[in-house]
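Please keep the sequence and the coordinates at hand while reading.

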Amino acid sequence: MSWIVLKYLITAAVVVLVSEAAARSDRLGGLIASLPLVTVLTLIWLHVERQPQEKIANHAWYTLWYVIPTLPMFAAFPWLLARFGFWPALAAGVAITVSCLLLFALLLKRFGIHLL
């Protein structure tokens, strides 16, 4: 039980670090947020929990493919935010991400990579 609490505390600390950095500096916050901190922590947790190497490698492999369809949201969000406000821009960003993910999954399926 203490292991899961430690994982929660460390993972939460990373989120707080990013939000605090972003509040102080747009560039620093963006830089820290762009780092694959959650993925690195997940890889560490999987390793420490003695998960098979194949499972750890698969996590990294699928993370690569899932990151790509999220990128258009980050390009569209500043434009959407300036025109529609935060919540509509965020909702549109989620819709863009889901749409891109579905289309990307269909495209990759033709090459034998199954995301969904």
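Helices (H or I, at least four residues) and strands (E, at least two) are taken here as DSSP runs and are numbered from the N terminus. The model is a predicted one, in which local features need pLDDT of at least 70 and side-chain atom pairs count only at pLDDT 80 or more, while totals for chains, interfaces and linings use all residues. Residues are numbered from 1 along each chain as its sequence is written, and side-chain values use heavy atoms, with hydrogens and water left out.

**Overall fold**

The protein contains six helices and zero strands, so that its elements, read from the N terminus, follow the order α-α-α-α-α-α. Its radius of gyration, taken over C-alpha atoms, is 17 Å, whereas a compact globule of 116 residues would have a value near 13 Å, the globule rule being 2.2 Å times the number of residues to the power 0.38. Along the principal axes, the C-alpha atoms of the protein fill a box of roughly 50 × 45 × 25 Å.

Of the 116 residues, 22% are buried, where buried means under 20% relative accessible area, exposed means over 50%, and partly exposed lies in between (1.4 Å probe, protein chains only). The protein exposes about 8600 Å², of which carbon and sulfur atoms supply 73%; such areas come from the Shrake-Rupley method with a 1.4 Å probe, and for residues only the protein chains shown count as cover. With contact defined as heavy atoms within 4.5 Å, residues 24 or more positions apart account for 44% of the contacts that have a separation of 6 or more.

As to charge, the protein has 8 positive and 4 negative side chains, and the centres of these two sets lie 8 Å apart. Lys and Arg count as positive and Asp and Glu as negative, without His and the chain ends, and each charge is placed at NZ of Lys, CZ of Arg, CG of Asp or CD of Glu.

**Helices α4 and α6**

Helix α6, residues 86-109, has 24 residues and reaches 34 Å from its first C-alpha to its last, close to the 34 Å expected at 1.5 Å a residue. Helix α4 has 15 residues and reaches 21 Å between the corresponding atoms, close to the 21 Å expected; the expected span is 1.5 Å times one less than the number of residues in the helix.

The buried residues of α6 are A89, G93, T97, F104, A105 and L108, and they pack against α4 (53-67) and α5 (71-84). An α-helix has 3.6 residues a turn, so residues three or four places apart point the same way. In α4 the buried residues are I56, T63 and W65, and their cover includes α3 (37-48) and α6.

**Selected residues**

F77 has its place in helix α5 and is buried, with a relative accessible area of 18%. Leaving aside residues up to four places away in sequence, F77 touches F86, A89 and L90.

E49 is partly exposed, with a relative accessible area of 31%, and touches W3 and K7 when residues up to four places away in sequence are not counted. R50 has a positive phi of about 60° although it is not a glycine, and it counts as exposed at 76% relative accessibility.

| Pair | Apart in sequence | C-alpha to C-alpha |
|---|---|---|
| F77 and S34 | 43 residues | 15 Å |
| A22 and P36 | 14 residues | 16 Å |
| L106 and L116 | ten residues | 8.8 Å |
| E49 and E20 | 29 residues | 30 Å |
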